[in-house]
Amino acid sequence: MKTVLLIVASLFLSCALPAQKQTTFRPATEWPDTEGKHINAHGGGILKKGKVYYWYGENRPDAGGSMNTGISVYTSRDLMNWENRGIALAVSSDTLSPIQPGCIMERPKVVYNKKTGKYVMLFHLELKGQGYAAAQVGFAVADKPEGPFRFLRGLRPNAGQWPVDFSQKDIDEALALDPAKYANWWTPEWRDAVKKGLFLARDQKGGQMSRDMTVYVDDDGTAYHLFSSEENLTLHLAELTEDYLDYTGKYIRIAPGGQNEAPALFKRNGKYWLITSGCTGWAPNEARMFVADSLWGEWKQLPTPFVGENAKKTFNGQSTFVLPYKNKGFIFMGDIWKPKSLSTSQYLWLPIQFQEDGTPTIPYREEWTLKDLMK
Ligand code: GAL
């Protein structure tokens with residue numbers, strides 16, 4: 001009887017004890033939600049609605065790389081204490097669905113469409129049993145920020161379209177590239193062909209490959225999908241239609257052949273800044289940065305914004321999003337992947353500092369608060 005009472009009492013206590021309140025950001029540690037469980041929202045992004053922040057991310061299983069739940073959503077008012085609101089977009093039990101368990105859903109980003117009053121989610125979608133071959137983007141929509149999101153479709157963007165800065169001569173040149181001649185990757189000739197549009201031309205019919213991605217809404221309400229395309233060798237920035245559910249067909253390539261992944265885009269004082277990673281899978285590498293006066297370019301490449309010890313490995317992390325905080329500054333959000341158990345992957349959130357000329361710099365901090373942000 002005593003033992004039973006003890007068990008009941010301890011069960012009660014463990015349920016009733018509130019999880020400890022987070023008062024600082026501590027990168028590269030466990031980040032407990034309001035129930036004390038490590039947050040499971042990887043490769044994520046944030047939407048603010050009223051005073052509430054919504055954090056969407058990959059809900060990863062303890063083992064394996066494919067999905068059996070879907071996309072998580074957590075809410076917070078202070079960006080440190082997050083309540084688990086469950087699965088915003090769930091995998092489907094329909095065995096014909098592109099989002100059935102066993103598919104891969106990565107890097108979800110949600111934006112609010114003022115014209116339609118809908119919440120639109122774009123994410124990287126890979127089909128069950130096909131590894132990373134499908135290279136699609138998934139579209140889902142919801143009436144409320146916490147979901148449930150309804151899956152609309154998966155596709156490869158911009159079938160039949162050429163980048164807006166491609167002249168007829170560029171198109172003819174790209175179409176003349178014979179893929180059989182470039183079966184050997186990484187040779188100088190192959191690199192040159194990639195830049196000229198070897199894969200762009202190959203994928204004209206079926207649409208362009210779309211893997212790591214983000215969505216950016218500019219001040220005028222126009223949304224853009226920015227994604228790793230052309231075998232992860234070249235980024236595409238593509239304009240979305242007014243309802244954010246399709247493409248206008250207008251797009252540019254950024255850094256052709258530059259192998260950029262994990263794009264995170266933000267605007268400060270009229271300049272667009274883009275932070276990316278190289279392509280080494282789950283393993284960290286040195287981040288890159290780009291700047292432009294217009295989203296349509298020209299994009300100029302700069303060195304990594306990360307400084308200090310281990311900056312060459314981006315403090316073991318990889319970019320996923322940059323969050324503007326009120327008008328007080330910008331938070332870099334990244335993932336520290338643990339491929340053996342992706343659910344335990346940690347987060348690398350850091351305040352972005354700005355040099356006098358506006359260039360972002362990101363030093364490491366073991367612990368910080370929103371007061372450390374810089375305008
Ligand atoms: C990374 C990418 C991740 C995931 C991973 C799979 O390069 O950024 O989102 O796709 O590869 O190996």
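Two strands pair if DSSP finds at least two bridges between them. Strands themselves are DSSP runs (E, at least two residues), numbered from the N terminus. Welcome to a predicted model, where local features need pLDDT of at least 70, side-chain atom pairs count only at pLDDT 80 or more, and totals for chains, interfaces and linings use all residues. Residues are numbered from 1 along each chain as its sequence is written, and side-chain values use heavy atoms, leaving out hydrogens and water.

**Strand β19 and its cover**
- Strand β19 spans residues 329-336, and eight of its eight residues are buried, so the rest of the structure largely encloses it.
- Buried here means under 20% relative accessible area, exposed means over 50%, and partly exposed lies in between (1.4 Å probe, protein chains only).
- Both faces are covered: Gly 329, Ile 331, Met 333 and Asp 335 are buried on one side, and Phe 330, Phe 332, Gly 334 and Ile 336 on the other.
- In a regular strand, side chains alternate between the two faces of the sheet.

**Partners of β19**
- Seven bridges pair β19 with strand β18 (residues 318-325) in the antiparallel sense.
- Across this pairing, Ser 319 stands opposite Gly 334 in β19.
- The hairpin of β18 and β19 has three residues between the strands, and Lys 326 takes a positive phi near 45° there.
- Strand β20 (residues 346-351) runs antiparallel to β19, joined to it by six bridges.
- Ile 336 has Gln 346 in β20 as its bridge partner.

**A closer look at Lys 48**
- You will find Lys 48 in strand β1 (residues 42-49).
- Its relative accessibility is 42%, so Lys 48 counts as partly exposed.

Note on methods
Helices (H or I, at least four residues) and strands (E, at least two) are DSSP runs, numbered from the N terminus.
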